[in-house]
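Reader: I've got the model open on my screen and would like to know what stands behind the labels. Can you take me through some of them?

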Amino acid sequence: MSPTPSDAPQNGNAKHHESGSLFEIGDSDLARLLERPRPLNIERKRSFDERSFSELSISHSPPRQIYRNPENSSRVFDHYDGMYSPGRRSTISTPRSIYTFEPHPLIAEAWEALRRSIVSFRGQPVGTIAALDHSTEELNYDQVFLRDFIPSALAFLMNGEPEIVKNFLLKTLRLQSWEKKVDKFKLGEGVLPASFKVLHDPVRNSETIIADFGESAIGRVAPVDSGFWWIILLRAYTKSTGDTSLAELPECQRGIRLILTLCLSEGFDTFPTLLCADGCSMIDRRMGVYGYPIEIQALFFMALRCALRLLKHDEESRDCTDQIVKRLHALSYHMRNYFWLDIKQLNDIYRFKTEEYSHTAVNKFNVMPDSLPDWVFDFMPTRGGYFIGNVSPARMDFRWFCLGNCIAILSCLATPEQASAIMDLIESRWEELVGEMPLKICYPAMEGHEWRIVTGCDPKNTSWSYHNGGSWPVLLWLLTAACIKTGRPQIARKAIELAESRLLKDNWPEYYDGKHGRYIGKQARKFQTWSIAGYLVARMMLEDPSHIGMIALEEDRQMLPQMKRSSSWMF
């Protein structure tokens, strides 16, 4: 069924049609929220739960930087999580720069391309479209995707332009409130859309917003990551502007609680991780990531920690914050113990006994040692480690996934030692994970029979292409943030210089193909917005590392249980 959008009502009230999950919103509700007093730089009283997880206080002066030798330091900054991280117009060679940059022609070109991608709704900027490539069939690349907008939002915040981010947060929040159906099935109230589109009617001189909650997506899968990214972005906005009034709006407080209600409800799960379908995140096609994918678990962890700082300490939020605290402890323990892999743990799995039935079982998930792939033995360095792709009964996915591991570092899901080990792995396996264009979305690619069975012979996810081992420039910003947080900015600099040698002349492709990322992706869109924004954010963070405070969280020592499994830093 192909529902059609209706005209936006002139009084600003929204209408919903039973014919499908297409939603229109007027701008009076947004205007009402935007017209509320907007005090800037007002110190927020921390809730009890926020204080219990961090002894840091919010300050409205630029964060104090402590620069250490990147070769022997695991962190560049002290207390950046508790500091106000002001957005400022970025300049080259600022006093805060770790490196001195000469102006690069890509910067001006990138900003011009990013601004061309801006989408407005009734005169207000509300996001950026996925790609400006008009040479191929559009599909849904002319829509504003929640996950795609994150690097664009960070770029605007870092450049001192928060208006578009605030509008985006409020518009998508309004979309959350509508009833969402796929065929006859109603989705959870807290689900946020994967994307939305502004439709212009020149005859009636009106504009309408329609949203896709998964009913039009390939595979018809709802986006699990949208809500997590929304919470993370709300915190980034608050950190950048010092404006706590947006997060404290009743609408935003309710939106956070609705998102987390979907994730914290009790059921049949015996693990604190979230059970997910294939295609529910950045990897939005069948790629064998169903179960408990690292990307979702890391984003879940980060969203929980951000929510703990955004929710008010009142009766309405008390139950939610209590559940968050409990879940964070359980999730951090589970991930750090069972998802972590280094050479010692790999050797232990290789020697696992099976069919253990007791509370003292070592092989808790009954993983068969013969299921270990041959490649992982050569891939694992002596020093280094990473969070594997998936852990579930009798199954471990040993593939490396970039986004999940970078978010694990930024959210402090990874301990400082684990974060350092992840960076050791990236340095040791540079040719495999970075090659000629950063950065592999996953490694290695599936080939032959495995590809046919797992992807269903997907022609877009052939070996070393797209999600199956393709190289995605957007991941550059995540790598850069992780590098700065772990005190390894030289890794980010090297990756940025690689990207700069290709991106502009290749017209900002969506992804690259090949084992080393040498070729523009066979179906890659040009002028892909998050490739552009990802580069800008990486550049601005390396130029002014105080920006890291928008996206990175401070370590919480209350969530550092004694590690029982091996860690590569002990070698």
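Reader: What volume does the second largest pocket have?

Author: About 840 Å³. Keep in mind that this is a predicted model. Among the 34 residues lining that pocket, Leu262, Cys263, Leu264, Ser265 and Leu274 are the closest to its centre. The lining divides into 19 nonpolar, nine polar and six charged residues.

Reader: Which helices supply at least two residues each of that lining?

Author: Helix 6 (225–241), helix 8 (250–264) and helix 10 (315–339) each do.

Reader: On to the rings. Why is the aromatic pair of Tyr443 and Trp464 called tilted?

Author: Two checks. The centres are 5.8 Å apart, and rings pair if their centres lie within 6.5 Å, so Tyr443 and Trp464 count as a pair. Then the angle: the planes are 45° apart, while stacked needs under 30 degrees and edge-to-face over 60.

Reader: What does the pair tie together?

Author: Tyr443 is in strand 13 and Trp464 in the loop between helix 16 and helix 17, so the pair ties together parts that are 21 residues apart in sequence. Both Tyr443 and Trp464 are buried. They also belong to a cluster linked by ring pairs, together with Trp375, Phe379, Tyr386 and Trp400.

Reader: What makes Arg488 and Asp424 a salt bridge?

Author: Their closest N and O atoms are 2.8 Å apart, and the cut-off is within 4 Å, so the pair qualifies. This one links distant parts of the chain: Arg488 is in the loop between helix 17 and helix 18, Asp424 in helix 14, and they are 64 residues apart. Asp424, Glu427 and Arg488 are linked in a network of salt bridges.

Reader: How do you know whether Arg488 is buried or exposed?

Author: Its relative accessibility is 8%. Buried means under 20%, so Arg488 counts as buried.

Conventions
Residues are numbered from 1 along each chain as its sequence is written. This is a predicted model: local features need pLDDT of at least 70, side-chain atom pairs count only at pLDDT 80 or more; totals for chains, interfaces and linings use all residues. Side-chain values use heavy atoms; hydrogens and water are left out. On a 1 Å grid over the protein atoms alone, a cavity is a set of points where a 1.4 Å probe fits but cannot get out, and a pocket is an open set with protein on both sides within 12 Å along at least five of seven lines; lining residues have an atom within 4 Å of a point. Grid points are joined across faces, edges and corners, and a volume is the space filled by probe spheres set on the points. Helices (H or I, at least four residues) and strands (E, at least two) are DSSP runs, numbered from the N terminus. Ala, Val, Leu, Ile, Met, Phe, Trp, Tyr, Cys and Pro count as nonpolar, Asp, Glu, Lys and Arg as charged, and the others, Gly among them, as polar. Rings of Phe, Tyr and Trp (its six-membered ring) pair if their centres lie within 6.5 Å; planes under 30 degrees apart count as stacked, over 60 as edge-to-face and the rest as tilted. Buried means under 20% relative accessible area, exposed over 50%, partly exposed in between (1.4 Å probe, protein chains only). A salt bridge is a side-chain nitrogen of Lys or Arg within 4 Å of a carboxyl oxygen of Asp or Glu.
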